[in-house]
Amino acid sequence: MAKSSYLIMKVLGNILLYVSAALFIFPLYWMFTGAFKNQSSSVKIPPDWIPTKITLANFSNLINDGSIFYWLYNSGFVSVIATVGVVLIASMAGYALTKRKFKGSEFFFSAVLIAMFIPRQITLVPLFTMMRDLGLVNNLASAILPVLTIPFAVFMMKQFSESVPTELLEAGRIDGCSEIGLFFKLFFPIIKPAIGALAIFTFTYAWNDYLWQLIMLSDKTKMTINVGISTLVSEYVANYGLQMAAASLGFIPVFIIFISFQKYFVKGITLGGVKG
């Protein structure tokens, strides 16, 4: 009886997992299929779950316009620079908070924790004022700088840094290794799983950041892919096929990044879960 109950629960669990996976995958399916539909088919009710007339006109129009290349480049530039910056800053902060205790370190970390609970919408006005005073409005730097200060990144790297053996760093210090050498030669390689997880998180965060980039970027050649997609809506008509095609192209780089860093992401999350 117990064995049959176990099998029933296992089957029900698998069914639940498959249904959940289908629900998560369906928006991607709708986006990709919508990219190959014309306008009439996109707004058809009831909708065509499987495209009956496949067209490449949406992709052709995007390529002929040329703006999609600016948008993809800008999104890639912002996301890559932000990711590199966050990884370096957060890992250095984690190293300093755990391995180089200093006066006020506990206060600093408490401030980081408090900042994690502040809604982002509250910071939009002061951030905009700051960027305006710095002359960075409609500049890609304005889309990068706020990402560098993600409190969660410092918190995450601080937690992972605690698992690095202090004795290993002390041995390196005795051998005459400088602090920079200790960080890059000993500390940095050990926290690679955490770096991989943080890199995926940051890249995705920067790539998908819409509200802030919408506020700061108005020049069509300076827009990122998300802001650019919003311009594909005219005053009276939304070209859904064109939007789906642009969204599909914008999804590909994020998917490639995730696949490339997947093993580090999974390992990093697993280590974090075991530690917690």
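A search of the whole structure turns up 18 aromatic pairs, where rings of Phe, Tyr and Trp (its six-membered ring) pair if their centres lie within 6.5 Å. The model is a predicted one, with local features needing pLDDT of at least 70, side-chain atom pairs counting only at pLDDT 80 or more, and totals for chains, interfaces and linings using all residues. Residues are numbered from 1 along each chain as its sequence is written, and side-chain values use heavy atoms, with hydrogens and water left out.

Take Phe 36 and Phe 59: their ring centres sit 5.2 Å apart with the planes at 45°, so this pair is tilted (planes under 30 degrees apart count as stacked, over 60 as edge-to-face and the rest as tilted). Phe 36 is in the loop between helix H1 (2-34) and helix H2 (39-42), while Phe 59 belongs to helix H3 (residues 57-65), so the pair ties together parts 23 residues apart in sequence. Helices here are DSSP runs (H or I, at least four residues), numbered from the N terminus. Phe 59 is buried at 17% relative accessible area, and Phe 36 is partly exposed at 28% (buried is under 20%, exposed over 50%, partly exposed in between, with a 1.4 Å probe and protein chains only).

Then there are Phe 201 and Tyr 205, with centres 6.2 Å apart and planes at 25°, so that pair is stacked. The two are four residues apart in helix H11 (residues 192-208), which puts about one helical turn between them. Phe 201, at 33% relative accessibility, is partly exposed, and so is Tyr 205, at 30%.

Elsewhere, Tyr 95, Phe 183, Phe 184, Phe 187 and Phe 188 make up one aromatic cluster.
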